[in-house]
Amino acid sequence: MTKAELKQRVNAAIDRRAEEIIGLGEQIRKTPELGFKEVKTARLVEETFGKLGLAAKSGLALTGVRADVPGRAGDGPSFALLGELDALVVTGHPVADPQTGAAHACGHNAQVAGLLGAAMGLLDGQAFDHLAGRVVFFAVPAEEYGDVEWRVAQARAGKLEFLGGKPELLRLGHFDDVDLSMMIHMTSRPEDGKTGVPASNNGCIVKTVRYVGKASHAGGAPHMGVNALYAAHIGLAAVNAIRETFRDEDTIRVHPIITHGGSQVNVIPGEVRLETYVRGRTVEAILDANKKVDRAFRAGALALGAKVEIETLPGYMPMTCDATMARMYRDNMVPVVGEEHYRQIGHRTGSTDMGDLSMVMPVLHPYMGGATGSGHGADYQIVDQQLAYLGTAKALAAMAIDLLGDGAAGARQVLKAAKPPMTREQYLAFQRGIARREVYEG
Ligand SMILES: [Zn+2]
Ligand SMILES: [Zn+2]
């Protein structure tokens with residue numbers, strides 16, 4: 001059987017399960033959960049694997065679920081197909097969880113539906129008779145790096161070390177036996193066409209900033225206080241003032257939020273807390289911008305005579321997609337979507353922890369259309385279920401066939417050409433080296 005015939009059989013199997021796959025994507029869309037708390041979504045994934053006869057491991061990095069299926073056509077590399085479980089808090093999103101505010105405004109529900117659909121198609125289509133090596137179906141937690149205070153508390157309690165899903169899975173060794181991996185992210189940008197592969201993505205580091213002043217009576221004795229909110233205000237203004245020193249080609253993004261702005265209105269704020277990312281195209285650019293950002297935050301403390309505690313946390317590494325896998329993906333997708341709807345996407349300024357995996361193995365992170373609105377916006381929605389849910393399933397399955405068919409010749413070709421920049425140990429040492437805490441008395 002040729003790869004093309006096998007893909008046809010698998011696609012037909014996915015089409016037979018269309019209603020079920022779309023149903024899973026919609027069910028997850030309506031049950032949005034924040035990173036490392038994706039309990040219901042993880043359970044649904046585990047149950048679905050169970051119905052397919054797969055024994056899954058669950059609770060990996062708190063909520064990850066992994067099921068392995070060996071090929072029956074010989075030994076070969078392990079290829080992981082990933083789907084991200086988590087949602088994020090977006091004010092005003094119409095399908096938000098009323099308690100947590102979580103909403104699937106990044107389309108991760110379609111990733112998981114695609115992952116489960118690919119498993120169904122490959123199993124129903126008896127593809128594993130023709131594949132060598134192993135497919136690892138992996139639903140992974142916490143790609144969106146938010147909810148930082150809660151995650152820091154989990155780390156202090158010893159439940160996490162890294163605060164993003166894939167870095168934590170890497171640390172715990174759940175990718176040690178995986179040789180190459182891919183996932184497909186949704187896109188709502190018309191310029192991305194129906195699908196395409198990006199050249200690269202920004203990396204980031206994450207910071208929490210705590211200004212400590214002195215509380216006092218805001219009406220009766222403001223001169224007795226030290227206003228932490230004004231200190232923060234000056235720190236934020238200083239961050240804005242350094243933006244013009246960032247070079248366009250470094251695509252720096254710094255976007256702080258205030259998570260605590262004061263205790264109550266008749267008290268001079270004694271404590272104000274911020275969070276921010278510092279994103280950029282290269283590690284060097286991120287570290288350079290980070291130094292300036294720290295200096296800017298100190299300025300607020302200096303001006304008011306407050307104290308600032310700056311905690312710098314490992315974020316995500318810049319991502320580069322593997323060129324051989326990107327070529328295979330293009331060859332698969334151009335006949336499906338048409339040349340005019342396929343895109344070679346340029347550098348993207350968002351960050352993803354797929355970048356962390358790209359440090360230690362060849363990865364592919366294409367984008368798939370079918371969504372409209374603004375990513376992370378209240379108007380974000382999936383409008384083309386065929387493309388977003390079923391198209392993703394078929395594209396993942398086709399890549400498994402290309403890489404692991406013919407005795408896994410495709411995967412071997414990828415691995416021969418790829419030169420991941422770090423070993424797992426080097427990656428962990430680098431990320432641990434990012435972590436630091438500074439206390440500056442202004
Ligand atoms: Zn996102
Ligand atoms: Zn996302």
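**Pockets and zinc site**

Guide: The lining of the largest pocket comprises 16 nonpolar, 16 polar and ten charged residues. Here Ala, Val, Leu, Ile, Met, Phe, Trp, Tyr, Cys and Pro count as nonpolar, Asp, Glu, Lys and Arg as charged, and the others, Gly among them, as polar. This is a predicted model, where local features need pLDDT of at least 70, side-chain atom pairs count only at pLDDT 80 or more, and totals for chains, interfaces and linings use all residues. Residues are numbered from 1 along each chain as written, chains are lettered from A and ligands numbered from 1 in written order, and side-chain values use heavy atoms, without hydrogens and water.

Visitor: How is a pocket found, and which residues lie nearest the centre of the largest pocket?

Guide: Rolling a probe the size of a water molecule over the atoms shows where empty space is left. A pocket is an open set of points on a 1 Å grid over the protein atoms alone, with protein on both sides within 12 Å along at least five of seven lines; lining residues have an atom within 4 Å of a point. In the largest pocket, Leu88, Glu144, Tyr277, Arg279 and His376 lie nearest the centre.

Visitor: What coordinates the zinc ion (ligand 1)?

Guide: Donors are N, O and S atoms within 2.8 Å of the metal (3.2 Å for Na, K and Ca); water is not among the atoms, so sites may look incomplete. Cys106 (SG), Glu144 (OE) and His376 (NE2) coordinate the zinc ion (ligand 1) at 2.0 to 2.2 Å. Cys106 also coordinates the zinc ion (ligand 2), 2.9 Å from ligand 1.

Visitor: Are Cys106 and Glu144 buried or exposed?

Guide: Buried means under 20% relative accessible area, exposed over 50%, partly exposed in between (1.4 Å probe, protein chains only). Both Cys106 and Glu144 are buried.

Visitor: How many residues line the second largest pocket?

Guide: The second largest pocket has 19 lining residues, with ten nonpolar, five polar and four charged.

Conventions: On a 1 Å grid over the protein atoms alone, a cavity is a set of points where a 1.4 Å probe fits but cannot get out, and a pocket is an open set with protein on both sides within 12 Å along at least five of seven lines; lining residues have an atom within 4 Å of a point.
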